[in-house]
Amino acid sequence: MAAPRRKCARPVVLACDATYQPAAIVCLTSLYLNSPDVEFTTFVVTDAPGGPLGQATGKLSAIYSRDIKIAAIGANALEQFATSLGPVGGPSYISRAAFLRLALPELLPDDSFLYLDCDMVVQESVAALLDLDLGDRLVAGATDGLAAASGHKHLRFAADEPYLNTGVLVVNARGWRQEGSFKRIMEICRAHRGRLGAADQDIVNLFCQGRKILLERRWNTLQHDYLFSGDWSGFDPETFRGIFHFCSEIKPWMVWSPEPPSSFYRRYAEVAPWRMPEVAEPRNERERKVLDMSRQRDAIRAAAQRSI
């Protein structure tokens, strides 16, 4: 008989549009499989509730005995919120749904929450994150190595101000509300117009400036660090303990995704009640460019290895 779970007041929150809902289900599958020791409420915030999402969360709830709530935000409301921020900028692949995380402290009633991006695999109990004392800090997160230099430059941060990747965040929602979250976010967008190269991630870093807690990098292990170096020797799916974030334009459901992370992801996708459909060929010009660049990098590395 399984040991009883310890109850935690802090919920886990994912936010997504219809496109990423299957990825959210895979993420939750990995979360529940690897956090059997703690009981928490899960919120899936989306502008497209019902249908397959309701069926998949119902199956997860039944299989793992979890409390999963779908929080719906109208598509028009999301569009109006994103539009109200003005021309934020950022990478072309960032959807409107990415801005949902900025609204979460106002949408949810809790004093704090653990936020997870959908393109993740959780392979460790999140008990430590659910128990983390934030004090008067606004957020806890792990640094984003590749984005830190450009983030410091275009946001004009001091050298000792950490630049966080916002895929995994412990958020002091009450603190955000006390700071007047919506008003403050709009002030940031106006003051930094044209310099928010990472869109909502830059906004979070500016909003929480001087009031951040650093998490160990294992709590948000970034795929793009490995893709940039081309060296996967430091990543062992069998011994990895933490949260792996597939943060790049190359996702594990694309057949050209590298190993070992693609098979690591499939381990959980194959037991999830819903998963992202496999992408066999690039669907647009952006994906074709990503595939071409990936092949070029592989060819350069292969040539370099042969010359050693």
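Tutor: Let us begin with D117, which has a relative accessible area of 13% and is therefore buried, where buried means under 20% relative accessible area, exposed over 50% and partly exposed in between (1.4 Å probe, protein chains only). Please keep in mind that this is a predicted model, in which local features need pLDDT of at least 70 and side-chain atom pairs count only at pLDDT 80 or more, whereas totals for chains, interfaces and linings use all residues. Residues are numbered from 1 along each chain as its sequence is written, and side-chain values use heavy atoms, with hydrogens and water left out.

Student: With which residue does the side chain of D117 meet in a salt bridge?

Tutor: A salt bridge is a side-chain nitrogen of Lys or Arg within 4 Å of a carboxyl oxygen of Asp or Glu, and the side chain of D117 makes one with that of R101, at 3.3 Å from N to O. Because D117 lies in the loop between β6 (113-116) and β7 (120-123) while R101 belongs to helix α4 (residues 100-107), the pair ties together parts that are 16 residues apart in sequence.

Student: Which residue forms a salt bridge with E124?

Tutor: E124 pairs with R218, and the closest N and O atoms are 3.3 Å apart. This pair links distant parts of the chain, 94 residues apart, with E124 in the loop between β7 and α5 (127-131) and R218 in the loop between β10 (212-214) and β11 (221-222). E124, at 24% relative accessibility, counts as partly exposed, and R218 is also partly exposed, with a relative accessible area of 27%.

Student: Which members of the largest nonpolar core touch the most other members?

Tutor: A nonpolar core is a set of buried Ala, Val, Leu, Ile, Met, Phe, Trp, Tyr and Cys residues joined through side-chain atoms within 4.5 Å. The largest one holds 57 residues, of which L114, L116 and Y265 touch the most other members. Helix α1 (residues 21-34) gives the most to this core, with eight residues. A second, separate core of 39 residues includes L138, I185, I188 and A198.

Student: How many aromatic pairs does a search of the whole structure find?

Tutor: Rings of Phe, Tyr and Trp (its six-membered ring) pair if their centres lie within 6.5 Å, with planes under 30 degrees apart counted as stacked, over 60 as edge-to-face and the rest as tilted; the search finds 19 such pairs. Y226 and W232 form a stacked pair, 4.8 Å centre to centre with 10 degrees between the planes. W232 also pairs with F235, here edge-to-face, at 6.2 Å and 70 degrees, and both W232 and F235 are buried. One aromatic cluster includes Y226, W232 and F235, with F246, W253 and Y265 also among its members.

Student: Is N165 buried or exposed?

Tutor: N165 counts as buried because its relative accessibility is 5%, and its place is in the loop between α6 (145-155) and β9 (168-171). If contact is taken as heavy atoms within 4.5 Å, and residues up to four places away in sequence are not counted, N165 touches A142, T143, D144, Q201, N220, L222 and H245. The side chains of N165 and D144 are joined by a polar contact of 2.8 Å, a term for a pair of N or O atoms within 3.5 Å in which, within protein, one must be able to donate a hydrogen and the other to accept it, and residues adjacent in sequence count only if both atoms are side-chain atoms.

Methods. Helices (H or I, at least four residues) and strands (E, at least two) are DSSP runs, numbered from the N terminus.
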